[in-house]
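Subject: Structure handover

Hello,

Here is the structure I said I would pass on. My notes on it follow below.

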Amino acid sequence: MLQSKLFGKTRKDISQDEKSVNAELLTRAGFISKQMAGVYSYLPLGLKTYRKVEQIIREEMDEIGGQEVLLPTLQAKSLWDQTGRWEELEPIMYQFTDHHGTKIGLGATHEEVITDIVKQYVNSYKDLPIYLYQIQNKFRDEKRAKSGLLRGREFVMKDLYSFHDSEEDLNKYYKITHQAYLKVFKRLGLEAFSVEASGGAMSKHNSHEFMVKTEAGEDITILCNSCAWAQNKEIANVKAGDKCPDCGKKVEEAKTVEAGNIFHLGNTYSKGMDLKFTDKDGKQKEVIMGSYGIGLGRVMGTIVEASHDKDGIIWTKTTTPYQVHLLNLAKSDKRKKEANKFYMSLKEADIDVLHDDRDISFGKKLKDADLIGICLQIIISDKQEEIEFKIRADKTTSLISIKNVIDEVKKYYS
RNA sequence: CGGGGUGUGGCGCAGUUGGCUAGCGCGCGUCGUUUGGGACGAUGAGGCCGGAGGUUCGAGUCCUCUCACCCCGACCA
C-alpha cells in the first residue's frame, strides 16, 4: 500500500477532552474516527488491525469446533418476553417501536436469538453438543461510554454459545474454551490471565473473566503473583495484603481490563425458552448452555493501552496493520527507482508493506511511523547501499543488505 | 443518573468589566529554497462563534432553554 494513497492522516493534536490513551493514539494515527460518544468508525488502517484480531479469534473458535453464524441485530420484543429480559435489560437496551407498531430492540446480546434457532433443530441427545459463534455488533445504551474503544455503545463482539446434554459435558467444553481463550490472547500478544468472577446479569453460575493489567482498566482484580490464583474484587473474600487461599503468599490488587469472559449459563435460557431434547433414557431434558465473549474493539484498545510509548502505538506482531513500514528517503532518481523496485519485491514475497512514498520531510515520516506503530520500519536512503532495519518497540536499528531483507522480515515474524 | 468541565475556520486554542473589520498555531493551495527526527520564506483560501429565544444602541462575551462532548462517581451482558 502506498501511503500517499492511504485514506486518513496523522494528527499532531487532538482535543484535550480526549483523555483515554487508546482513543488519543488511535485517532491521531488515523485508525479510528469518533462518530459520537462510544461509537467509532474504523478507517482503512484501523480495519486492517481489526481484521487481524478477528481472524485470530475466528481461527481459534473454529479450532474448538465452533461454527460461525451471523445473527440479526433487530430483535422483536416478543422473543425477549420469553425470558422476561425485555424489562430486565430496558436500562441498557435500545428499544423502539417500528412503523407497524411492533416493539423492537437492537441486540445487546444474543442468547434469546440463538436459543430460538437451536430449538428448531434440536430434538435428540444425538443433536448435541452444538457450538455456534458469531462476530457481530452489539448495542448497549451505556450510562457512560468512556475510555475510547474500551467501553462503547456500539461495538463488535465475538460471542460463542454452546449447547450440551449435561452439566458434565458443559464443564468439559468450558475448560476447552478456557484454554482456547488463553491461546487467543497469547496469539494477540496480550498478557491475559483468567480470574473467577460472578456471572452478573448473564448468569447466576460461575464464570471467568480474562483480564489484562492496565491503568485504563475498570475492574479491580485481587491476584497472587506466586501462583495463578486471581479473583475479581467484586466477589473476592480476601483483600490486598491478605494470604492467597491457594499458596498462602500475600495477594495484591491490580487495575485490569476485561478482554473476554466465559459463562456457565446452565438451564437459565433453555428453561425460559423451553429448549428441550430427548435423552438416551427417552426422557425430556433441558439443554445446558454456556456462553463465551470477546470484545474485538476492546481488545484493540487494550493492546494500545498495554503497548505504547511517548511516540505512539507499538503493535504486536500479530496485530500490526502492516508487517513492514517502508520509509523511502531516497532523493536521487536512481535510488528512488531502487526503492520502488524494493517495494515491489517485498510485495511479491507476500510481505504486507506500507510504503511511505510521500514527498515530505524525513522527520515527519519517522514521527508518523512511530505513531502508527507498525512493528518493523525499513528505511531506504541515499546514505548507504544497505537499508536500515528498525524495530519499533525498542527502536534498535541494524544495517542489512537489501537482498537479505525478506529473510530478516520473515524471521522476525516467525 | 448525580457532580464538575467544555463547545469559536479541517484540527488544537486565545478572545479582559459587552464595543468597532473575530485572532493565533497546525493543517491546506500556489511559488521558491530545503530534505536523517514533525523544514523555511513569500503569498492565498477558509469561521458568524453548538442550536433556539431573550436583554441591549450594540452579544463570541450577559440571561433562559436546549443539544453535544469530556472527566469523577453510581451502573456495567
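Which residues in H2 meet which residues in H8? Thr-49, Tyr-50, Val-53 and Glu-54 in H2 meet Leu-296, Val-299 and Met-300 in H8. By class, this contact of H2 with H8 has 5 nonpolar, 1 polar and 1 charged residues (Ala, Val, Leu, Ile, Met, Phe, Trp, Tyr, Cys and Pro count as nonpolar, Asp, Glu, Lys and Arg as charged, and the others, Gly among them, as polar).

Before the rest, some conventions. This is a predicted model, in which local features need pLDDT of at least 70 and side-chain atom pairs count only at pLDDT 80 or more, while totals for chains, interfaces and linings use all residues. Residues are numbered from 1 along each chain as its sequence is written, and chains are lettered from A and ligands numbered from 1 in the order in which they are written.

The chain as a whole

Chain A has 11 helices and 23 strands (DSSP runs numbered from the N terminus, helices being H or I with at least four residues and strands E with at least two). Of its 414 residues, 41% count as buried, that is, with 20 or more other C-beta atoms within 10 Å of their own, the C-beta atoms being placed from the backbone. The C-alpha trace spans about 80 × 60 × 45 Å along its principal axes.

The two helices

The axes of H2 (residues 44-63) and H8 (residues 296-306) come within 10 Å and cross at roughly 115° (axes are lines fitted to C-alpha atoms, for helices over the stretch in contact, with angles from 0 to 180 degrees between N-to-C directions). That makes H2 roughly perpendicular to H8, a term for angles of 65 to 115 degrees.

The sheet

An open sheet of mixed pairing has 5 strands in the order S20-S19-S21-S22-S23 (two strands pair if DSSP finds at least two bridges between them). Strand S20 (353-356) and S23 stand at the edges with a single partner strand each, so one side of each is left without a neighbour in the sheet.

S22 (residues 387-391) and S23 (residues 397-400) pair in the antiparallel sense over 4 bridges. Phe-389 stands opposite Ser-398 in S23. Their hairpin has 5 residues between the strands, and Lys-395 takes a positive phi near 60° there.

Regards

Note on methods:
Buried ≥ 20, exposed ≤ 12 C-beta atoms within 10 Å, placed from the backbone. Parallel < 35°, antiparallel > 145°, perpendicular 65-115°, else oblique. Contact = placed C-beta atoms within 7 Å.
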